[in-house]
Amino acid sequence: MKQFLLLIVFLIFCLSGFAQADSLHVGNKWCSRKDTALLFNGGYNVIQIYSPNFKPADIKIKSLDKGLRIGTPEIKGDTLNVMAMPFPDKGKAMRLEIRYKKNSKMIRTVNFVSDSIPQLKASLGKIQGDEGYKKDILVQTALKIYFPKSLYSYPYSIKSYTFKILSALGGANIPVKGFFLTKEVLGEINKAPSGTIGTFTDIKASCPDCPTRTLPDIRLKIK
């Protein structure tokens, strides 16, 4: 009977440990798919660790491989944050060890992978092709930025652009501060004949702690 009770206690302890590990949320703050162990080469990466069963001050982390370098952990609210940088050229393994600080018990080992960052691009709202119907263009409100086929989501924003258009009805060269489509820009698009090409050029974008960059032009045929 005593052995049976000890077995029950052991099983409860194990199941509790599995539940705690399963409730641990680990991901990259700048990955658009949360709880995804994906880091971006040459990008900004912040590993975030949260669990309803552990206080962030009770969590101890360590990189197990040269392919993963981490900074000094910081606690923000109920989440442990740490800057991270992948170095895939130093080895494919990028393992992060997570332990309970009070007794060094292993909670989980997370295997990260890395991906390259494609060139940042701008689009006219939801229109990402090189042509669009006038009625669809006119309901867009702003230029947007995106990383094609990537989960990287660092907060870049458009600071300015110039809209150029030329047709049989005349032309315009409109500099704009910010990312919104102004009434003047929309007015030129509205009166342009079908087949006219409008160009958004000199598109400037920036992000926190990074220099301003110029994005590729948007050349859009108005259908």
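**Burial and basis of the model**

Of the 223 residues in the chain, 39% are buried (under 20% relative accessible area, with exposed being over 50% and partly exposed in between; 1.4 Å probe, protein chains only). The model is predicted, with local features needing pLDDT of at least 70 and side-chain atom pairs pLDDT 80 or more, while totals for chains, interfaces and linings use all residues. Residues are numbered from 1 along each chain as its sequence is written, and side-chain values use heavy atoms, leaving out hydrogens and water.

**Fold and dimensions**

The chain has three helices and 18 strands (DSSP runs numbered from the N terminus: H or I of at least four residues for helices, E of at least two for strands). Its radius of gyration is 25 Å, whereas a compact globule of 223 residues would have one near 17 Å (taken over C-alpha atoms; the globule rule is 2.2 Å times the number of residues to the power 0.38). Along the principal axes, the C-alpha atoms fill a box of roughly 95 × 35 × 30 Å.

Contacts (heavy atoms within 4.5 Å) between residues at least 6 apart in sequence join residues at least 24 apart in 59% of cases.

**Surface**

**Thr199**

Thr199 lies in strand 16, which covers residues 197-207. Thr199 counts as buried because its relative accessibility is 16%. Beyond its neighbours within four places in sequence, Thr199 contacts Thr162, Phe163 and Lys164, as well as Asp217, Ile218 and Arg219.
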